[in-house]
Every structure is written in structure tokens, then in C-alpha cells.
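Please find below my notes on the model that you asked me to look over.

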Amino acid sequence: MNFLTIGHRGVMGVEPENTLRSFIAADRAGLDVIELDLHLSKDGALVVMHDADVDRTTDGTGPIADKTLAELRALDAGRGERVPTFEEVLDAVRAPLQAEIKDTAAARALAEILHRRDLVGRVEVLSFHDEAVAEIARLVPGVRTALVASRYGTDVVDRAVAVGATTLVLNIRRLTLEVVEKARKANLRIIGWVVNTQDHLRLVRALQLDGATTDYPDIKRTGRFTA
């Protein structure tokens, strides 16, 4: 089984998260997939940032939704990096992408880009929100989708099946063998996050997960050797 290493917001353990600098570093490190987060700006641009507010990751303040793309561009996202758009990331790296959407509005904006650029084979769409997963699946038939969960029980498998997701992306600190076994019976892939230590890596390999989302590129080198 091919074990995937997924760069969390690029390689956020060593570079400013969700910036082109971070994504390019992940690509150069040979990570199999790059994960990023999407929000809509005030003027409808699909921009890459994790939080709904710019406060934590830039030198600005306030909600993304209250700022135009030009206003977001004026912010420093770390080490002089600017807030990128999704399409800029597509052009900057070659790796497949996991794009996490926060709501159905972002799903609609992402669907337009996926159709226009024929990206169904390259982009897997993730969300914590069942309705957002269902919406992107409706708008882009054939797109691969994943349900993300931090606090969950075995019901997360039923939720994923209900919205047509093929993958679960699960917080490894709450992962149990019972959840894994139920997911396998439902033919779901399982990705563990966030895997930043050898102990966490040994856990995901012992549970025979399909991959690990990590803040650090070193997991790529050690993952294949850890039993």
C-alpha cells in the first residue's frame, strides 16, 4: 500500500503556513500531496488562509470576508510573503493538492476553478462540514472528497458515507481501532493528522492508515521505514 505524506499548509513547521514559500518548500521536499485552506475575500477571490481572521498569520486584523483581495495582498503573511490565491498555488507547485473549504460559498468558487482548469484528477476537496462536502460533490461530479474530523466517534464513518466522501482525515489523538475497522468496512481511506513525531508515525503505520499529514518534511524520509 502506498503511504502518502501530506504537507500541512505546506511545511508549516519550518515556513510561514499557507504561503507560496511554504508550498514550494513542500513540493521540493517531495511530499506526495500538499494541503491548504481556502476562504473567500470580500470581492469573491478564493484565497489561501486557515483562519477566518487574518490576525494570527499576518500583520493585519479582522475577518478575511471584510477585506478585498487587494487589501489582503497588502498584508505580510510571514517573511515578506503575501496571501496567495488558490490559482497562484496551482501554478507554483506540481504536487497534487488537498483543498480544505470552510463553507458552501467557498465550494461554489472552487467548483468554478476545478471545471475551468480541469483539475478533478489533481485536487481532492476536504471539509469539516458535511454540507460543504456534499455541495462540492454535487457541483463537480467525480471529484474526490474527504471529511475532516477532530472530535468524533464511529459515527464519522456514517457521515462520510452519507455525503459520498471516499476519505476520512482524522485527528490521530482520538483515533481508535474501532473507527479504523468501521472505516475499512465502508471502503474509506484514512489519513491521520497531525503527524509530527516518530511516535505518531509509528501509530499511523501500526493502524495501517493510508497516509499522514505533517508540518515537517522529514516525515517523507522516515515514513517509508517506520513499522
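1. Basis of the model. This is a predicted model, in which local features need pLDDT of at least 70 and side-chain atom pairs count only at pLDDT 80 or more, while totals for chains, interfaces and linings use all residues. Residues are numbered from 1 along each chain as its sequence is written, and side-chain values use heavy atoms, with hydrogens and water left out.

2. Overall form. The chain has 9 helices and 9 strands, these being DSSP runs numbered from the N terminus (helices H or I, at least four residues; strands E, at least two). Its C-alpha atoms fill a box of roughly 45 × 35 × 30 Å along the principal axes. The radius of gyration is 17 Å, which agrees with the value near 17 Å for a compact globule of 227 residues; this radius is taken over C-alpha atoms, and the globule rule is 2.2 Å times the number of residues to the power 0.38.

3. Of the 227 residues, 53% count as buried, where buried means under 20% relative accessible area, exposed means over 50%, and partly exposed lies in between (1.4 Å probe, protein chains only). The chain exposes about 10,100 Å², of which carbon and sulfur atoms supply 50%; accessible areas come from the Shrake-Rupley method with a 1.4 Å probe, and for residues only the protein chains shown count as cover. Among contacts with a separation of 6 or more, 53% are between residues 24 or more positions apart, a contact being heavy atoms within 4.5 Å.

4. The largest pocket. About 160 Å³ of space lies in the largest pocket. A pocket here is an open set of points on a 1 Å grid over the protein atoms alone, where a 1.4 Å probe fits, with protein on both sides within 12 Å along at least five of seven lines; lining residues have an atom within 4 Å of a point. Grid points are joined across faces, edges and corners, and the volume is the space filled by probe spheres set on the points.

5. Its lining. Of the 14 lining residues, His-8, Glu-35, Glu-100, Phe-128 and Trp-193 are the closest to the pocket centre, and β2 (33-40) and β4 (97-101) each supply at least two residues of the lining. The lining divides into 5 nonpolar, 4 polar and 5 charged residues, with Ala, Val, Leu, Ile, Met, Phe, Trp, Tyr, Cys and Pro counted as nonpolar, Asp, Glu, Lys and Arg as charged, and the others, Gly among them, as polar.

6. His-8 lies in strand β1 (residues 4-8) and is buried, with a relative accessible area of 10%. Beyond its neighbours within four places in sequence, His-8 is in contact with Glu-35, Val-194, Thr-213, Thr-214 and Asp-215. Val-194, in the loop between β8 (189-193) and α8 (198-206), is joined to Trp-193 by a cis peptide bond with omega of about -15°.

7. Positive phi values. Most residues other than glycine have a negative phi, and most peptide bonds are trans. Asn-18, in the loop between β1 and α1 (20-28), has a positive phi of about 55° and is buried, at 4% relative accessible area. Gln-208, in the loop between α8 and β9 (211-214), has a positive phi near 60° but is exposed, at 56%.
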